[in-house]
Amino acid sequence: MGVMSVPLLDLQAQYAPLRGELLAAITRVCDSQRFIMGPEIDALERELSERLGVTHAITVSSGTDALLLALMALDVKAGDEVVTTTHSFFATAGAIARVGATPVLVDIDPATFNIDPAQAAAAITPRTRAIMPVHLFGLAADMDPIMAAANRAGIPVIEDAAQAIGASYKSRPLGTIGAFGCFSFFPSKNLGAFGDAGLLTTEDAALAERARLLRTHGMKPKYYHHVVGANFRMDALQAAVLRVKAPHLAGWTEGRRANAARYRRLFQDAGLDRGGVTLPIEPADRTHIFNQFVIRTADRDGLKRHLDAHGIGNEIYYPVPFHLQPCFADLGYRPGAFPHAERAAQESLAIPIYGELTQAQQETVVSTIGQFMQQRVGASARS
Ligand SMILES: Cc1ncc(COP(=O)(O)O)c(C=O)c1O
């Protein structure tokens, strides 16, 4: 056992069949010598708005910058509060802090890893200017109660959909439910660029116009500045790469979903789903795109060491919730404030789920996990 090593992600497997097309697209941009804005960006924005079912698709420099731009377009600033989850990649809370606002953190629903809507509603104060749910690992947050709470308070919702491109909630594409949707094309995402890139989406024409203005230093026309923006532009080279890859997104996501279904069967057949391993759920009203397949187990650190020793890729998303991060110490949260998130930080582990994963590789992953769980049962029987 453990003779076959399995990486957490194998980007070469996705790159190889598209290599010729990708290099031709890059060459096209080099030959044009048009690297900033221009036809590749315009074409990608048109193609993505159709493909994702969103009205306005605004390409940006990264997922982080999509969040920052959304907050700036909604005029969130110092003294304001934004309600968000404590369990996400740092960019979510980091963007809120970067505009000078205070992240007001809440716990997760332990079944989905996503923000608890009741706690989000309860955290709203007269200073709250937005709610920022995260569709973590590719599964939508429970948007109806979040939107209801936001509408009652008269504040917008910014969807952090960085990990959830193409996912849906009650048949609605993510990124179309709140005022803005923020996506990342970081290379490990379901649709990855060859570097940093991101996307901001909105259904609101006025917000789209404001975001486009802020994306290029609030400049209109050239060298006339109405508002202070920044440089949030996507490179034309990244747009050209994404134009080659985007038509394959649905197929790649189907591959991930099929692998998730196969994991369920394999974990069930091995009795592991009843024997100490909790599998990710997919509520009937949502489509999960499995950017990550995150399992939970009591001795997560032990399992991680075992998988590392056997060459099985894995990663902890995320080991420290925002409320316990040193940079947010002045927010005043204490250990124990958000028990579900703290437990998830200790128990969860992502295992390989990329589309090109083979049945044999998945069997190796599950049997290696089974071996660890059996050793534990054996050890506790002896003690
Ligand atoms: C939930 C979440 N939000 C925001 C981001 C930021 O995206 P980027 O890395 O493109 O800046 C990421 C990326 O990893 C993410 O996972």
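Which loop holds Tyr-318? Tyr-318 lies in the loop between helix H11 (300–309) and helix H12 (339–347), where helices are DSSP runs of H or I with at least four residues, numbered from the N terminus. Please keep in mind that this is a predicted model, in which local features need pLDDT of at least 70, side-chain atom pairs count only at pLDDT 80 or more, and totals for chains, interfaces and linings use all residues. Residues are numbered from 1 along each chain as its sequence is written, and side-chain values use heavy atoms, with hydrogens and water left out.

**Ligand and its shell**

- The ligand is surrounded by 16 residues, and the closest are Gly-63, Thr-64, Asp-160, Ser-184 and Lys-189; a residue is near a molecule if one of its heavy atoms lies within 4 Å of it.
- By class, this shell has 7 nonpolar, 7 polar and 2 charged residues (Ala, Val, Leu, Ile, Met, Phe, Trp, Tyr, Cys and Pro count as nonpolar, Asp, Glu, Lys and Arg as charged, and the others, Gly among them, as polar).
- Taken alone, the ligand exposes 380 Å², and the protein buries 92% of that (accessible areas come from the Shrake-Rupley method with a 1.4 Å probe).

**The largest pocket**

- The ligand takes up the space of the largest pocket; a molecule sits in a pocket if more than half of its atoms lie within 2 Å of its grid points.
- The elements giving two or more residues to the ligand shell are helix H4 (63–73) and helix H5 (91–98), and H4 gives the most, with 3 residues.
- A pocket is found on a 1 Å grid over the protein atoms alone, as an open set with protein on both sides within 12 Å along at least five of seven lines, and lining residues have an atom within 4 Å of a point.
- The volume of the largest pocket is about 500 Å³, counted as the space filled by probe spheres set on grid points joined across faces, edges and corners.
- Its lining has 30 residues, of which Phe-89, Gln-163, Phe-186, Ser-188 and Lys-189 lie nearest the centre.
- That lining divides into 16 nonpolar, 10 polar and 4 charged residues.

**The cavity**

- The whole structure has 1 cavity of 30 Å³ or more, a cavity being a set of points where a 1.4 Å probe fits but cannot get out.
- The largest cavity has a volume of about 110 Å³.
- Among the 16 residues lining the largest cavity, Leu-9, Gln-14, Asn-190, Arg-256 and Glu-356 lie nearest its centre.
- Helix H1 (11–15) and helix H10 (249–269) each supply at least two residues of this lining, which divides into 6 nonpolar, 5 polar and 5 charged residues.

**Backbone features**

- Tyr-317 and Tyr-318 are joined by a cis peptide bond, with omega about 0°.
- Another cis peptide bond runs from Lys-220 to Pro-221, with omega near -10°; Pro-221 is in the loop between helix H8 (205–215) and helix H9 (236–245).
- Met-37 is not a glycine, yet has a positive phi of about 50°, and Met-37 is found in the loop between helix H2 (19–32) and helix H3 (39–52).
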